[in-house]
Amino acid sequence: MGIIYGPVPSRRLGMSLGVDPIPRLTCTFDCVYCQLGRKRCKVRGPEEVTEPFPDPEEIANGVREALAKHEHIDYITFSGSGEPTLNPGLGEAVELIRRFTDVPIALITNSSLLTRADVFDAAESFDLALPSLDAGEQDTFVRIDRPAYGFEIDEIAAAIGRLAREVPVWLEVMLVQSDKYGSNADDEAISAIIEKVGVIAPCEVDLNTCVRPPEEPVDSVSEERLNRIRARMEASLTGIPIVVVPHRAKAHSRLIREDEIEAEIMRILAVRPCTTVDLSDSLGINPAEVGKYLARLSEAGRIERRVQEGRLYYATKDG
Ligand code: SF4
């Protein structure tokens with residue numbers, strides 16, 4: 001796989017053009033549910049990576065060429081075969097890409113390096129961040145994510161919280177169970193996660209479970225259990241939408257034409273400021289798709305962003 005892959009239909013981001021900005025299989029974690037196999041290189045930071053990273057120009061040129069070939073891209077998504085924030089040129093790559101496209105740029109990250117100032121600054125330059133948080137306390141974090149030495153879940157969660165004040169954050173929680181590694185979906189583990197999510201205050205929480213059999217003896221959590229966990233989180237985390245991710249794939253739009261969707265968004269926002277998720281619910285389309293329209297309307301100066309009580313709302317200029 002090269003630096004650029006796809007576009008691939010993503011459950012969360014619509015048609016997503018993937019960017020893999022690191023040497024293959026390099027990560028700060030070794031999650032028990034990882035789909036990438038056990039040949040990973042586990043590192044504490046970019047200083048320990050011995051292979052060269054793709055440089056920002058190389059990444060931007062790859063994106064430019066891919067965009068020329070594919071008409072409909074909803075997001076350019078930095079993710080790939082390991083932890084993308086290991087690349088020290090991430091912020092520069094985003095800056096270069098913005099010079100030739102207004103397609104929104106998303107970051108999928110395991111969150112581990114957000115505690116570093118340079119990585120945090122780079123993460124802030126994305127339109128959307130999808131950080132993971134699989135545990136609320138250190139013991140479960142170590143059992144499930146198996147981080148390189150020195151990572152502390154309290155510090156990581158605090159950094160995600162700071163990021164959520166700057167860019168829309170959809171927090172992904174991957175829930176698994178295993179005879180060998182235990183679970184991060186039992187009542188105690190969920191209580192700890194809820195506590196952290198309350199402090200982070202993301203735009204939404206995506207509850208996920210492993211859907212393909214990984215190499216390790218790890219099982220997915222049943223949909224029924226995911227729904228019970230969602231109900232518990234909703235009761236404790238008022239105002240933060242909790243989404244069981246596999247459900248979202250069933251959502252479909254009743255609106256077809258792009259201009260109709262834009263007009264509908266403007267009509268709704270003229271009545272009241274909304275979050276991305278509010279609009280997604282009203283329109284019946286994927287939040288990633290809504291994000292694309294919001295980025296375009298913001299760019300055109302037709303709507304503005306407002307942060308209220310730590311949450312990002314969109315409103316018409318005079319609304
Ligand atoms: S953070 Fe992602 S890439 Fe890294 S080990 Fe975990 S699942 Fe695999």
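Residues are numbered from 1 along each chain as its sequence is written. Because the model is predicted, local features need pLDDT of at least 70 and side-chain atom pairs count only at pLDDT 80 or more, while totals for chains, interfaces and linings use all residues.

The chain has 11 helices and 14 strands; helices (H or I, at least four residues) and strands (E, at least two) are DSSP runs, numbered from the N terminus. Of its 319 residues, 44% are buried. A residue is buried if 20 or more other C-beta atoms lie within 10 Å of its own, exposed if 12 or fewer, and partly exposed in between, with C-beta atoms placed from the backbone. Two residues are in contact if their C-beta atoms, placed from the backbone, lie within 7 Å. Among contacts in the chain with a separation of 6 or more, 72% join residues 24 or more positions apart.

Mean pLDDT, the predictor's confidence in each residue from 0 to 100, is 88 for the chain, and 90% of the residues reach 70 or more. Over residues 247–256 pLDDT stays under 50, and the model has 16 contacts beyond four places in sequence for them. Where pLDDT is low, the predicted coordinates should not be read in detail.

Ala, Val, Leu, Ile, Met, Phe, Trp, Tyr, Cys and Pro count as nonpolar, Asp, Glu, Lys and Arg as charged, and the others, Gly among them, as polar. Cys-27 belongs to strand β3 (residues 26–27) and counts as buried because 23 other C-beta atoms lie within 10 Å. Its C-alpha atom is 8.6 Å from that of Gly-45, 18 residues apart along the chain.

Two helix pairs come next. Helix α1 (residues 56–69) packs against helix α2 (residues 90–98) at about 40°, with the axes 8 Å apart. Axes are lines fitted to C-alpha atoms, for helices over the stretch in contact, and angles run from 0 to 180 degrees between N-to-C directions. The crossing of α1 and α2 is right-handed, that is, the near helix is turned clockwise from the far one by less than a right angle. Pro-56, Glu-57, Ile-59, Ala-60 and Val-63 of α1 meet Glu-92, Ala-93, Leu-96 and Ile-97 of α2. That contact has seven nonpolar, no polar and two charged residues.

Helix α5 (residues 153–164) and helix α6 (residues 187–200) have axes that come within 8 Å and cross at roughly 35°, again with a right-handed crossing. Ala-157, Ile-160, Gly-161 and Ala-164 of α5 touch Lys-196, Val-199 and Ile-200 of α6. By class, these are five nonpolar, one polar and one charged.

Met-174, in strand β8 (residues 170–178), is buried because it has 25 C-beta neighbours inside 10 Å. Its contacts, leaving out residues up to four places away in sequence, are Tyr-33, Ser-132, Asp-134, Asn-208, Thr-209 and Cys-210.

Ser-111, in the loop between β6 (105–109) and α3 (117–124), is not a glycine but has a positive phi of about 80°. It is buried, with 29 C-beta neighbours inside 10 Å. Arg-146, in the loop between α4 (138–145) and α5, also has a positive phi, near 40°. Arg-146 counts as partly exposed because it has 15 C-beta neighbours inside 10 Å.
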